[in-house]
Amino acid sequence: MDRSSVVKTITGALSDIMQREYSDVTEETRLFEDLHLDSTSVLTLLMALEDQTGIEVDPESLQMENFQTIGTLADYIEGNLDVSV
Amino acid sequence: MTTDYLRGIKKALTGSEDTPLVLVCNFEAEALWAKGHVGLPAVPFSGSTRLVRRMEELGVLLAGPDDFLVLSEALDPGFRRYAEELGFALPTVLVPENVDPSRSTAEDALDSPVLLEALRSTAGVLLPMGTTVLEQKLAEATGLPLAVPGAEVFERVNSKIYGRRVAVSAGLRPVPGFECETVAEFLAVLDEVEPLVEQGERVVVKDAYGVSGKGLVVLDGKVKASGLRKLVTRRAARSGDDRLHVVVERWLPKRFDLNYQFTVGRDGAVVFDFVKQALTADGVHKGHLVPAELEPRHHDELRHAASVIGERLHADGFSGVAGVDAILGLDGVLHPLLEINARLNMSTYQGGVTERLLPDGSACLAKHYTLRLAARTPFDAVRAALGPLLDDRDGERVVITCAGTVNANAADDAPFEGRLYAVLVAPDRARLAGLDAATETALTTLESR
């Protein structure tokens, strides 16, 4: 899975969860401040990403830094994809 | 002047309607009660902690001039002026000398000897939103008695598991569902509900201790049901801890949600305070509407439920203000106990405002507006943006109830999220909707582009 696919997967999952089209988001878009994710939607997002990428995430081990932006979340997923390979 | 509403609370909880109160509005209480219980897997951070803490300023318009309010920041002078011009006589605001943004106000207070000394000399009675170990320590450190029971009682009666069990045992038409205390129980319940979810039913899983928007997952598809099963199973395997404190309930088709409040006196007397229509989205609280569109039989049923729940709470050691969430189904059938919030509620803090500024027969909407701000925004700028909407114009006005949340996240990178809490008053719902839209539009002038 390359970087653009990871970002596309995240954006698609976010659209499903927040029930909005995100045509103008970038890797710099902030998840909490700009897209208004909350604790509930974060958990739902993780479940969707586990389902679509095959990674396994331990929510309790995540850091706020992983969830700053779409880009930092993509970094986290790419790091975990590497581990599973 | 102290409102009749607050005098009633003082009388029920302290025996005298003139007792000076020391208010600590610890809106983060649920998070402390949750410690020691295992909820749904969750990320260890939240975007709203500081906002929730700064909701403490809602206490300003509840407390009277003989009372004291502990806040982590001094009141914005513009908001003080505004509230006084509305006719409110404000409490004495006490600010801890040692404030750390990562701590709660009670923690700040416990670390502030000057403030502790000032509290000792108030000779007041401590009224937290709900008692946690921190407010209990504050009572001990200051020698002030608590107006309500200790943390252990609050923790016990605020569990959603407790609420469901009261509904079942008292025959208060519980929403179809389950209480779970172990992973094994939860997985067995998932086995039962997963086929329903796959057929399109919605099922909600809620932490025993979760405030709105947290610790709640709506199962509305196979991915979420199987995803949650995996997360819970993996965590239990990793930690070796088989506990899981959640309730699982069918998501009933509804006309609307309700919230009603009553006060349980120290002597066990239960006084019904009010009922409001609650605005929610996916289980997240968005505001209240008054009057609720209920029939007389619904009012009777709610009063009966309040009396039964209040009696049960008192038997279990509780006295104080309690709010209960209820639901009116699409079929017109009331489910009078979804969950008990045995603590001061949002509506409690608005009690003084509605008594003073809500004319009989008017409609009222309590809500917050989310702002995206480029820089710290003084209250006078908010006041200027809303302009004439804040004035009484033919029975229609906006009343700001909490300004402290506007700049709660000002230390974050811009634009940051702020909240403005308000009560809107109008002669009818149509004009209320117009006023809400006008407020929304007026506030956009404050926002960063």
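Mentor: A residue is called buried when 20 or more other C-beta atoms lie within 10 Å of its own, exposed when there are 12 or fewer, and partly exposed in between. The model is predicted.

Trainee: What does B:Arg429 count as?

Mentor: Partly exposed: B:Arg429 has 14 C-beta neighbours inside 10 Å. That count lies between the 12 that would still be exposed and the 20 at which buried begins. B:Arg429 sits in helix α16 of chain B.

Trainee: Why does B:Thr132 count as buried?

Mentor: B:Thr132 counts as buried because it has 26 C-beta neighbours inside 10 Å, and the definition asks for 20 or more. B:Thr132 belongs to the loop that joins β4 (125-128) to α7 (133-142) in chain B.

Trainee: Which residues is B:Thr132 in contact with, leaving aside its neighbours within four places in sequence?

Mentor: B:Asn26, B:Ala29, B:Leu32, B:Trp33 and B:Ala151. For each pair, the C-beta atoms lie within 7 Å. B:Pro149 is 17 residues from B:Thr132 along the chain, and the two C-alpha atoms are separated by 9.9 Å.

Trainee: What makes helix α9 (residues 160-169) of chain B mostly covered?

Mentor: Seven of its ten residues are buried. They are B:Lys160, B:Ile161, B:Tyr162, B:Gly163, B:Arg164, B:Val166 and B:Ala167. Their cover includes α8 (151-157), β5 (177-182), β6 (203-207), β8 (243-250), α12 (296-315) and β13 (334-341) of chain B. Just after α9(B), B:Gly171 has a positive phi of about 65°.

Trainee: Which residues of helix α15 (residues 379-386) of chain B are buried?

Mentor: B:Phe379, B:Val382, B:Ala385 and B:Leu386. The arc they cover around the axis is only 120°, so they lie on the same side of α15(B). An α-helix has 3.6 residues a turn, so residues three or four places apart point the same way.

Trainee: What covers the buried residues of α15(B), and what follows the helix?

Mentor: The cover includes α4 (77-85), β15 (397-402), β16 (416-426) and α16 (429-443) of chain B. B:Gly387 follows α15(B) and has a positive phi, near 45°.

Trainee: How is chain B divided into domains?

Mentor: The domain assignment gives domain 1 (4-152), domain 2 (176-250), domain 3 (254-342) and domain 4 (358-446). The C-alpha centres of domain 1 and domain 4 of chain B lie 24 Å apart. Domain 1 of chain B puts 15 residues into the contact between them, and domain 4 of chain B puts in 16. On the side of domain 1, the elements giving two or more residues are α3 (49-54) and α4 of chain B. That side of domain 1 of chain B, where it touches domain 4, has eight nonpolar, one polar and six charged residues.

Trainee: Why is chain B called as compact as a globular protein of its length?

Mentor: Chain B has 16 helices and 16 strands. Its radius of gyration is 22 Å, close to the 22 Å that the globule rule gives for 449 residues, so chain B is as compact as a globular protein of that length. Of those 449 residues, 50% are buried. The C-alpha atoms fill a box of roughly 60 × 50 × 50 Å along the principal axes.

Trainee: How does chain A stand against the globule rule?

Mentor: Chain A has three helices and zero strands, in the order α-α-α along the sequence. Its radius of gyration of 12 Å is close to the 12 Å given by the rule for 85 residues, so chain A is also as compact as a globular protein of that length. Buried residues make up 29% of those 85.

Trainee: How many residues take part in the contact of chain A with chain B?

Mentor: Chain A contributes 16 residues and chain B 22. The side of chain A that touches chain B divides into eight nonpolar, three polar and five charged residues.

Trainee: What pLDDT does chain A average?

Mentor: The average is 87, and 95% of the residues score at least 70.

Definitions and conventions
Residues numbered from 1 in each chain as written. Chains lettered and ligands numbered in written order. Predicted model: local features only at pLDDT ≥ 70, side-chain atom pairs only at ≥ 80, totals over all residues. Helix = DSSP H or I, 4+ residues; strand = E, 2+ residues; numbered from the N terminus. Rg over C-alpha atoms; globule rule 2.2 N^0.38 Å. Contact = placed C-beta atoms within 7 Å. Nonpolar A, V, L, I, M, F, W, Y, C, P; charged D, E, K, R; others polar. Arc of directions from axis to C-beta. Domains from an automatic or database assignment. pLDDT = per-residue confidence, 0-100.
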